[in-house]
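Biologist: Please show me how to read a model like this one, taking the features one at a time.

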Amino acid sequence: FFFLALLGGIGSVWGAVLGAGVVLSLKQFLQDYWLSLMGNTSNIEGVVFALLVVVLLHKARFGLWSFVARLLPSSWVNKPIVVQAEAAPLVKRSLPTRGADLLQVKEVTKRFGGLIANNKMHLTVKAGQITALIGPNGAGKSTLFNCISGVSAATEGEITFLSEPIQNKAPREIAALGISRTFQHVRLNLDMTVLENVALGAHLRGHKNFVQSAWCLDKSEEQQILAEAQRQIQRCGLADYQFMRAGDVAVGQQRIIEIARALCADPILLMLDEPAAGLRHAEKIQLAELLKQLRADGVAVLLVEHDMDFLMSVADHVVVMEFGQWLAAGTPQEIKHNPRALAAYHGAAL
Ligand code: ADP
Ligand code: MG
């Protein structure tokens, strides 16, 4: 079965059909040929298939279907995605009162062997506000993001979201509670369109399972999800790119696609790890506008960023960390004049 999928083309239904046809015919042919040649039966096809696997992996990794697909009109192979904008909207969660304690990180320590990346770190994020987490490279900001989002568990300490402890929960459970994030290094499926990448963010909001999906019984839900993805893409100002391959879009825009994907999960808290890295000046201004719009819509944002001008223009509250520890916290103006925060940045950036 492995060879069947590999020969036809992994990831394509027609590839599997083609693979099945070729493999079964080839197997029959080899057995008949061997019988007529040697007068007995054997598993000669096993040897031939093993050799063919090696050849395929070298010469045609995407299987025979990729050659057939090239000969077909492109409108057959790449069916354009049709989005019915009028599809019923997905259920949205209600947002907590603005200013309420949303996320509380208490005494969180994260060790990697002997290295202490987070040391009794604490911070609070309030609902509907933009909180910035700053600190020099290696201060432990991304590590704290991973602890909060469940990507790697904190060694010690407590993290609560809407008063519920989440430090031992799996990433998908945390996402289901309303925390979405992006990564410092872009993680998109580059062969899928922007729209499909963003739609992936809504997978926890769908209820159809893979059996229903295999029998195409999820079409109405798929339309709801695609329409939601389209709304989030428009919200982020990427409407012109939605049908492009994600890999063909500039890195700066790929970061915004990640934000749109995170928004598709309908988050209460959006965590962004260096979203402005690699953006041009005009794009940074657009991103700042988007963050302000999200705040106006009641979404809380926790942001790691190095660009101080950008940060100071959007943040309500700033937390400074150094060597994995809490160093200072306050409004952007307070942090600008805080000697400890200035020293951590050598007075340069602030
Ligand atoms: P920041 O995002 O603030 O620049 P990080 O959280 O990425 O910093 O890293 C903090 C420290 O933890 C660094 O010294 C880094 O080398 C270390 N670190 C991060 N992840 C790992 C890991 N998976 N294994 C070992 N050390 C790590
Ligand atoms: Mg980092």
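Modeller: Two strands pair if DSSP finds at least two bridges between them, and strands (E, at least two residues) and helices (H or I, at least four) are DSSP runs numbered from the N terminus. This is a predicted model, in which local features need pLDDT of at least 70 and side-chain atom pairs count only at pLDDT 80 or more, while totals for chains, interfaces and linings use all residues. Residues are numbered from 1 along each chain as its sequence is written, chains are lettered from A and ligands numbered from 1 in the order in which they are written, and side-chain values use heavy atoms, leaving out hydrogens and water.

Biologist: In which sense do strand E3 and strand E9 pair, and over how many bridges?

Modeller: Strand E3 (residues 130–134) and strand E9 (residues 317–322) pair in the parallel sense, over four bridges. Within this pairing, Thr131 has His317 of E9 as its bridge partner, and Leu133 stands opposite Val319 in E9.

Biologist: How do E9 and strand E10 pair?

Modeller: E9 and E10 (residues 325–330) pair in the antiparallel sense, over five bridges, and Val318 has Gly330 in E10 as its bridge partner. The hairpin that E9 and E10 form has two residues between the strands, and Phe323 takes a positive phi there, near 50°.

Biologist: What is the order of the strands in the open sheet?

Modeller: The six strands follow the order E6-E7-E8-E3-E9-E10, and the pairing is mixed. Strand E6 (179–181) and E10 stand at the edges with a single partner strand each, so one side of each is left without a neighbour in the sheet. On average, neighbouring strands of this sheet are turned by 20° against each other, direction ignored.

Biologist: Which helix packs on the sheet?

Modeller: Contact means heavy atoms within 4.5 Å, whereas angles run from 0 to 180 degrees between N-to-C directions, with axes fitted as lines to C-alpha atoms, for helices over the stretch in contact. Helix H6 (residues 141–149) packs on the sheet and touches E3, E6, E7 (269–273), E8 (300–304) and E9, its direction making about 150° with that of E7. Helix H11 lies across E6 and E7, running at about 160° to E7.

Biologist: Is Gln254 buried or exposed?

Modeller: Buried means under 20% relative accessible area, exposed over 50%, and partly exposed in between (1.4 Å probe, protein chains only). Gln254, which lies in H11 (residues 251–263), counts as buried because its relative accessibility is 9%. Not counting residues up to four places away in sequence, Gln254 touches Val186, Leu188, Leu190, Ala246, Gly247 and Val249.

Biologist: Where is Met121 found, and what does it contact?

Modeller: Met121 is found in strand E2 (residues 115–126) and is buried, with a relative accessible area of 0%. Leaving aside neighbours within four places in sequence, the contacts of Met121 include Val105, Val108, Leu133, Leu144, Val319 and Trp326. The C-alpha atoms of Met121 and Lys110, eleven residues apart along the chain, are separated by 9.2 Å.

Biologist: At what angle do the axes of helix H2 and helix H3 cross?

Modeller: The axes of H2 (residues 13–38) and H3 (residues 44–59) come within 9 Å and cross at roughly 130°. That makes H2 oblique to H3, since angles under 35 degrees count as roughly parallel, over 145 as roughly antiparallel, 65 to 115 as roughly perpendicular and the rest as oblique. Among the residues making the contact are Val23, Leu26 and Trp34 of H2 and Ile44, Val48 and Phe49 of H3.
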